[in-house]
Amino acid sequence: MIENWPLLTIITFLPMIGVLFLLMIRGDEASVTRNARHVALWVSGFTFIISLALVFGFDSTSSGYQFEENRAWLPAVGISYHLGVDGISMPFILLSTLLSPLAILASWKAITHRVREYMIAFLVLETMMIGMFASLDMLMFYLFFEGVLIPMFLIIGVWGGGRRVYAAFKFFLYTLLGSVLMLVCMLAMYLDAGTTDIPALTAHSFAAGVQTWLFIGFLASFAVKVPMWPVHTWLPDAHVEAPTAGSMILAGVLLKMGGYGFIRFSLPMFPLASEMFAPLIFALSIIAIVYTSLVALAQSDMKKLIAYSSVAHMGFVTIGIFTLTEQGVAGAMFQMISHGLVSAALFFCVGVVYDRLHTRDISAYGGVAAVMPRYAVFFMFMMLASVGLPGTSGFVGEMLVLVGAWKASSWVAFFTATGLVLGATYMLWLYRRVMFGTIESADVGAMERISRREVLIFAPLTVLVLWFGIYPASLLDVMANSILAVLDNAASGGAMVIAGR
Amino acid sequence: MIDFSMADILPALPEIFLSGMALVLVLVAAFGGEGAQNARRVTQIAMGSIVVALILVTGAYGGMTPAFGGMYSADAFSGYMKVLVMLGTFAALAMSLRTEGDSDINKPEYSLLILLALVGMMLMISADNLMSLYMAIELQSLPLYVVAAMRTNSLRSSEAGLKYFLLGALSSGMLLYGASLVYGFAGSTDFGQISAALAGRDLPPVFIIGMVFMVSGLAFKISAAPFHMWTPDVYEGSPTLVTALFAIAPKVAAISLMMRLTYGAFGGIADQWQQVLIALSVASMVIGALGAIMQTDIKRMMAYSSIAHMGYALAGLAAGSPDGAMGVMIYMTGYVFMGAGSFSIILLMRRDKAEATRIVDLKGLSRTHPMLALGLLVMMFSMAGIPPLAGFFGKWYVFLAAVQAGLVPLAVIGVVMSVVGAFYYLRIIRLMYFEDTDTPLDPGVPATNRVVLGVSLVVVLLFFVGLGSLLEAADSAAMALVASG
């Protein structure tokens, strides 16, 4: 019975039903605002509950695509409406459906004007994110991948901070420029293979010279998304200006689109080029890790500090992916999920105190732990998870990446490890400056303790970070077979092209 | 002496019907009494005639033999493009219905002239001979020169009309001169026979000059750079309603003519005109994108935007393949609806009953007119080519054809310029959504604008739903176009 339901279609487009409801709400300003919040929360919460069916129905012994839906869309030209998940995309869908209601809850009090439009933007964003991870057709993937820009541009631009216009434009144009170069490559791939079906493209072997160009085009797009040094400069601006919930989704899910793209497209489809460009990726990632960690140390703005730490953490991810080893890719995947949870929580940590004091300046705080003890616990836990304390999900990802990096090159592993040290430094220092010490300002002393709503946002993130830290196999088992399939495909695909020449 | 038969009349029935109705409307205009009431009646009759002609066109779609001794062909291609032209003209006429108090537009001549121009445009799409090509262009152009100068007491409008006329005459002259050289070489004015005469022969420079002249003359009509100079001035100076028409229907007709000429008459020598089209395409994309950034008037900005859009369409045409033709058709389909939707909003940019068409006048529109702002937001994102909106699919198909034809650098320039273009579309969204205003635009949205905007929104938002059947229609149209050569 339930197997026959188009589950992925339902999960993807359920938020759009919520958008229709939101458009239909009538009444005075106050009731529209109240209703809009509730509709958005219920719809996204419901989407999350339905998406749990993916977890329970998922067969982790299989490496193929599951919950597949394949319908004719443009049959004449070999483009179809093709959805499906494997162990790589399924965790990301869950991450998106989990973070969306939490983000909506996080903006409950923080967003007070144009609430209806805000919620519409968020639900559209949710559809785009889920659709992107669920797409098994390259054109559909691109539609969702780019479509994300529209709601995010508005979220930063309308509800952001002081320099929101600059940040929104920078975010949009940077990402668009990367994506259109990928688009040209997609056109070339479509013409070469005659289809936009992702499984078919994975099986297709592109000529070695072609692979190089295609890889560069895709790199342009994914490197901006991840973001990799030196195209990361949009990220601090976007994070600082975006509202708290926007930062949570941006760091939690949108950055992962780049890493996901590398695993879904670059590795299996351009294996030779991936191997060829791996040293370049390592170099860029190491610079990202070391350089942005140092930059993070110098920040006086909490959000900017965490934004730079995201760049550094995503550097681990790109290193892990391009080690082309099982441990490295699994570690990168694990790190992405872990960072999705932790960075969302950290941005919310900033949001909590920002809502009270309306500043993100580290020097304005100090001694917060004494006033908000429960908050201090959550913040410390997330801070340690970000640093990679054993027992948290952060540790597993970083360790696996290091193992993979060691296999690839001991130098890469060495520089990657320095990132861990630097990461610990800036996070611990941030924590000390904000939470400990004496209470300097009266405003800090008057801050309210965290509310039940805020605990409700922290709780699931904390539980998951702890769960994945203690029992990583629960996540690794889901991904393992799919990752092996990707790497097998990369190896055999590379061999086929070489044999063919 | 050519004798006509029913076989000639039937394919051309829509044009014959519209010409007849135009004559009837002359009588209505002359004897129907004075004032706005009569103008309104003329507009309504004109709109009704377009609906009837639309039914005739869709009924006569495809399978028709060339009529009038090969002067005129009604195939699947002309059917497809004529529907677009008629929809665009219909929208422009519909939006002129609610112009109470605007005595310049509220004249019976207005709709009458536009109907005549429509006949010209439809003949352009069907023209299969150098003679009918030229006559159709003139029939389309002359009424439009007049409506551009419709605001007789406005210096800007008269200037626009004069500029349009002078440059239009210049381009017609170039076209005619080119046509004479082509005729001199090929010995026939028929596209099919020109194509046959060119096959397998060495082409003398004189012929190449003639061909380039013809393409340049047509580039004037679609305002492709470097023949675009008149566009911003004419767009800005003409009454906004007329600008709305200029931005949509004549562009479709002129590019159809260009397609027929290049794929039909010059179908066998694609390597000769490809270079020209590539140059036009790159110049239009670059000048359109960069020129729009500095504009302060939305009509001028839309002029540069249309130059850029023509550049994208030409990129598909430059591919010289049936897929390229298909791409152009998909592109123009989206373009018609994006243009109609955008102008349905730009037309309402009035403050204290006076036109307020500076871009900054859109400030805070999302507060004062939330639905209009949302509509313009969708149109702007679509024009910027952001998926999943209509504009994206147009770009996908033209660049697909370009890459297929090996024109990868052209495609790369195109997509990079679309990022530059995104900047000024985003600027409009910024003004509407990120900023506030103390001086809102006039309230009230006439029903006709609402319908035009609503229909355009549905098409632009749900373009991907109908894309399958659209592709089929465009494919058979492209086949018909290529076969006509």
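**Helix pair.** Before looking at helices I noted the rule for axes: they are lines fitted to C-alpha atoms, for helices over the stretch in contact, and angles run from 0 to 180 degrees between N-to-C directions. Helices (H or I, at least four residues) and strands (E, at least two) are DSSP runs, numbered from the N terminus.

I also wrote down that this is a predicted model, where local features need pLDDT of at least 70, side-chain atom pairs count only at pLDDT 80 or more, and totals for chains, interfaces and linings use all residues. Residues are numbered from 1 along each chain as its sequence is written, while chains are lettered from A and ligands numbered from 1 in the order in which they are written.

I then looked up helix 14 (residues 322–346) and helix 17 of chain B: their axes come within 8 Å and cross at roughly 160 degrees. That makes helix 14 of chain B roughly antiparallel to helix 17 of chain B (under 35 degrees is roughly parallel, over 145 roughly antiparallel, 65 to 115 roughly perpendicular, the rest oblique). Among the residues making the contact are B:Gly327, B:Tyr331 and B:Gly334 of helix 14 and B:Gly394, B:Tyr397 and B:Ala401 of helix 17. Contact here is C-beta atoms, placed from the backbone, within 7 Å. By class I got 13 nonpolar, six polar and one charged residues for this contact. Ala, Val, Leu, Ile, Met, Phe, Trp, Tyr, Cys and Pro count as nonpolar, Asp, Glu, Lys and Arg as charged, and the others, Gly among them, as polar.

**Between the chains.** How many residues of chain A are in contact with chain B? I found 27 residues of chain A in contact with 25 residues of chain B. Helix 7 of chain A gives the largest share of chain A's side, 14 residues. By class, that side has 23 nonpolar, two polar and two charged residues.

**Cis bonds.** I found a cis peptide bond from A:Val226 to A:Pro227, with omega near -15 degrees. A:Pro227 sits in the loop between helix 9 (208–225) and helix 10 (234–241) of chain A. In chain B, B:Pro387 and B:Pro388 are joined by a cis peptide bond with omega about 5 degrees.

Is A:His358 buried or exposed? A:His358 has phi near 55 degrees, positive though not a glycine, and is exposed, with 9 other C-beta atoms within 10 Å. B:Ser223 also has phi near 55 degrees, but B:Ser223 counts as buried, with 28 C-beta neighbours inside 10 Å. The cut-offs: buried is 20 or more other C-beta atoms within 10 Å, exposed 12 or fewer, and partly exposed in between, with C-beta atoms placed from the backbone.

Key. Contact = placed C-beta atoms within 7 Å.
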